[in-house]
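Please open the model in your viewer and keep the selection tool at hand.

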Amino acid sequence: MTSPAGKLWGVGIGPGDPELVTVKAARVIGDADVVAFHSAKHGRSISRGVAAPYMRAHQIEEHLVYPVTTEITDHPGGYQGAIDEFYEQAAERLAAHLSAGRSVVLLAEGDPLFYSSYMHMHKRLVDRFEVEIVPGVTSVSAASAALRTPLVERDEVFTVIPGTLPVDELARRLRNTDAAAIMKLGRTFPTVVRALQDSGRLDEARYVERASTPDQRVLDVSAVDADDVPYFSIAIVPSPSNNPPVEAATPGEVVVVGLGPGDDRWTTDEVRGELAAATDLVGYVTYLDRVGLRPGQVRHASENKVESERAAFALDLAKRGKRVAVVSSGDPGVFAMAAAVVEVAAEPAWAGVRVRVVPGMTAANAVASRVGAPLGHDYAVISLSDRLKPWDIVAARVSAVAAADMAMAIYNPASKSRTWQVAAFAELVLVHRGPDTPVVIGRAVGSDDESVRVVRLADLAKTEIDMRCLLIIGSSQTRIVDTGSGAQVFTSRRYPASEPRA
C-alpha cells in the first residue's frame, strides 16, 4: 500500500536572531520529519544554527551544499549550469522524502519568498506535493530596526533593489524612489557605492551588517571598508521625511533642470534625482507647481519675467551652502533658465559657486513626435518674442531660415499682449515657401489640454495661436503622408541634388 505523500513547508526563520523565529515556524520545525537547509562548501549553515533551538533530536537532516558560490567551476554549463543541476538534484532528494510520506521543512533565512534559495525548490516541487509557506521577518525589517529609523510613511514609495544590477540601473532606480533597500552586497559593494554617488544619495545611505545578530554593525556607507563586506549586509536609504537633507558647511551648487514639456513621463530620472537631492527649489510658479515638495525642502516661486533676479537669488542660496535646483519647463538651455544662470554666475559675486545644467526634453521634439518627423532634416529654432530682442532681428532670422529652406520650430509665437507677430511671421515665410507648406500647431503638448493640428502656411495668420503653442513650419521637402497610424508629417533626410556647376 502506497503511503500518502508528505507536505513541504517553506519556513522563514528571520534575519538571524533565533528569538525572531515566529511561533508557527518554531512549531512546524519541531514537528517535521525532515529538516533541510542550505550551505556553501564550508558546511556552516546559518539557517540551521538559527533553527537549532526548535529542532528535535534524531530528526532527519538534509544538508544541501552548493557546488559553487562565487568561484569558477569546470561544469560544462558554467556557473548557471552547475547551480541548475544542483537545484534539480536537491529537489529530488526532498521529493524522495515527500513521496515516502514524510513532512519536510526547508529552512529559509528571512522570508521564504524574498530572495531565498527556497524558491528554487518551491518551483520544482509545488506541482507535485502539498506545500505551505510560513513567512518570516526579512532582513529589510531587521535593518530598519537596527537603524531605529522608519523607512517610509504616507504615500512614499519604497523599492528593494539587488546590488547585482549594473551601476546605471541602480542609480536610475535610486533616483526614482523615496526610500530603498539594496540587497546582495558583498562583492557588489563598490558598484552600489558608485550608484549611490551618481544618484546623489550617498550621504543618505546607511549600512547594516548581519542585522539582529551579535555581530551586527551599523555604519555610514562612506565609512565601510569595501574589502570587508559580507553577503549578509544591506544598504538602507530612508525616505526624505525620515532623512532630511543636511545643510552643507561649504558653498553649495546650482543645478538647472528641465522638466520636459508637460507630461511627468517626460521628466528624466536624472532630473528627478536632482530635484530629490535639492535643499531649495527655485523657479517660475507654474513650473514649481509640477514638482512635489519633499520634507525639508524650501520652495521659492516667482513670476516669469525675472530671469536674472531669479538666477542671482539661486546663486546666493548656493553661496550660503544650499543645494539649489532651478526649475525650467522643457529643456533649460532652450529659451529657459540655463543661459540666465550661467550669465549671472560669471559675475565676481558668485565666484566659486558651482553651476550645472541637466537637460530635458524640449517642446519642439515633443510636438514633432505627435505628428511623425517634421524635424527630420536640418531645422532652426526661433522665438517670436520681442521682449528680449527687437523685432527686426527676429524678422531677419526668420527670413534667413526661410530662404535657406530649413524647417523651423517657433517658440513663444503669441501672448495676450503680442497678437500681431504670427501674421507678420507668416508673411515673411510665404516669400520663400508655398502656401500649402504644412504647419504643425502643438498646444500644451503633454498636458490634459493637449491639441495638435496641421494647417496650411497660407491659413496660419487666421488660426488662433497663444503662448502655450509651438509651431513647426515645414521646408519645401516636408510632406503629409498616410500611414498605418493615419496622416503623418515628415521631412525627408534626403535633399534633392543641386544642378552640377559648369
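Begin by selecting Arg-323, which is partly exposed at 26% relative accessibility (buried means under 20% relative accessible area, exposed over 50%, partly exposed in between, with a 1.4 Å probe and protein chains only). This is a predicted model, in which local features need pLDDT of at least 70 and side-chain atom pairs count only at pLDDT 80 or more, while totals for chains, interfaces and linings use all residues. Residues are numbered from 1 along each chain as its sequence is written, and side-chain values use heavy atoms, with hydrogens and water left out.

Glu-253 and Arg-323 form a salt bridge whose closest N and O atoms are 3.5 Å apart (a side-chain nitrogen of Lys or Arg within 4 Å of a carboxyl oxygen of Asp or Glu). Because Glu-253 lies in strand E11 (residues 253-258) and Arg-323 in strand E14 (residues 323-328), the pair ties together parts that are 70 residues apart in sequence; helices (H or I, at least four residues) and strands (E, at least two) are DSSP runs, numbered from the N terminus.

Next, select Arg-93 and Glu-62, whose side chains meet in a salt bridge at 2.5 Å, N to O. Arg-93 belongs to helix H3 (residues 78-99) and Glu-62 to strand E3, 31 residues apart. Here Glu-62 counts as buried at 12% relative accessibility, whereas Arg-93 is partly exposed at 35%.
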